[in-house]
Amino acid sequence: MEVAVTAALPGSALDRLAARAQVRVRRERTRLDPVALADFVGEADAAITLLADPVTGDVLASCPKLRIVANYAVGVDNIDLEAARARGVWVTNTPDVLTEATADLAWTLILGITRRVLEGDAMMREGCFEGWRPDLLLGTGLQGKTLGIIGYGRIGRAVARRGIAFGMEIATLARPGRTRTDPPARLLPLEELLAASDVLSLHCPLTPGTRHLLDEAHLRLLPRGAFVINTARGPVIDEAALARTLADGHLAGAALDVYENEPEVHPGLLRRNDVLLMPHAGSATVETRSAMADLAVANVEAVLVGKEPPTPVVRGKAPGSKGRE
Ligand code: DGY
């Protein structure tokens, strides 16, 4: 059995896998386009892919032996799920193990932007701190304010739990059939949710329905002085519109871990004190990234021995089957 892995992964999971399968790890750090990805995966039985690897229908069609694409991420927007389904290829992701780390980073961003940590750090390094003053670097308090959360899945709920500990009111989207949530949140239609959110944090997957969910009209429904936090996927926000709503003072700040055209950042966001930027590091702890590798490998191992993988997103050929006919 051959497994193609598009990057070296933290931890020892790949070493364990190498004891059972032939493991090919890509060492270059350049991004793969579909042709290069198909070329790299080639005749492999399984692929472990990163969130920016474009697993298109053509890639799947070019890799005839592929039985599983184990994405090293919870998001699977880089994969043509319909094409995988049609071809009987399993797709798996890495949920749960990254929930707390990502929620921690969302809260790092919330606290960092509302308490102006970037500006304080720059002030200290530039030797501009002249002593305590009553009006120095006033930020925004969170207690009693509303934290709006779009995407009340594992990560959204973990962010809500932290929000409750910080004394915030939690609100999320009303949905058909959703009568209450754990932790408890006010359930509001999108427009009302936006209008109520002093801080809005995004935790939804990127789908055709969530692309540019925060366009200019929706950004302007947020209260003047609101903050936007994104640790989900960049294209959920129209970055040009975000830059405009910050520039004209409608929003008080934005803190982003993900970008519309990653790894690029809209130039209108780059040189602003009211924007805090991180390089897609929501799950970036040693513990979490190792656990993600363990889970990706566990998914591959299961499929290669004909078992159901632990965290399927798309069900492939039935366990026991030896790939496509
Ligand atoms: C994911 O898993 O989808 C994150 O964006 C990276 O861990």
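Ala, Val, Leu, Ile, Met, Phe, Trp, Tyr, Cys and Pro count here as nonpolar, Asp, Glu, Lys and Arg as charged, and the others, Gly among them, as polar. The model is predicted, so local features need pLDDT of at least 70 and side-chain atom pairs count only at pLDDT 80 or more, while totals for chains, interfaces and linings use all residues. Residues are numbered from 1 along each chain as its sequence is written, and side-chain values use heavy atoms, with hydrogens and water left out.

**View 1. Residues around the ligand.** The ligand is surrounded by Leu51, Ala73, Val74, Gly75, Leu98, Arg233, His280, Ser283 and Met292; a residue is counted if one of its heavy atoms lies within 4 Å of the ligand. By class, this shell holds 5 nonpolar, 3 polar and 1 charged residues.

View 2. A ligand oxygen lies 2.6 Å from an N or O atom in the side chain of Ser283. For the side chain of Arg233, the distance from a ligand oxygen to an N or O atom is 2.7 Å. The protein covers 91% of the 230 Å² of accessible area that the ligand has on its own (Shrake-Rupley method, 1.4 Å probe; for residues, only the protein chains shown count as cover).

**View 3. The open sheet.** Six strands are ordered E2-E1-E3-E4-E5-E13, with mixed pairing. Strands (E, at least two residues) are DSSP runs numbered from the N terminus, and two of them pair if DSSP finds at least two bridges between them. E2 (22-25) and E13 (312-314) are at the edges with a single partner strand each, so one side of each has no neighbour in the sheet. Within the sheet, E3 (residues 46-49) and E4 (residues 68-71) are parallel and share 4 bridges; Ala46 has Ile68 of E4 as its bridge partner.

View 4. Because 5 of the 5 residues of E10 (residues 226-230) are buried, the strand is largely enclosed by the rest of the structure (buried: under 20% relative accessible area, 1.4 Å probe, protein chains only). Ala226, Val228 and Asn230 cover one side, and Phe227 and Ile229 the other. E9 (residues 199-202) runs parallel to E10, joined by 4 bridges, and Leu202 stands opposite Asn230. E11 (residues 251-256) is also parallel to E10, through 5 bridges; there, Ala254 is the bridge partner of Val228.

How values were computed:
Polar contact = N/O pair within 3.5 Å; in protein donor to acceptor, adjacent residues only side chain to side chain. Buried < 20%, exposed > 50% of the residue type's maximum accessible area, 1.4 Å probe, protein only.
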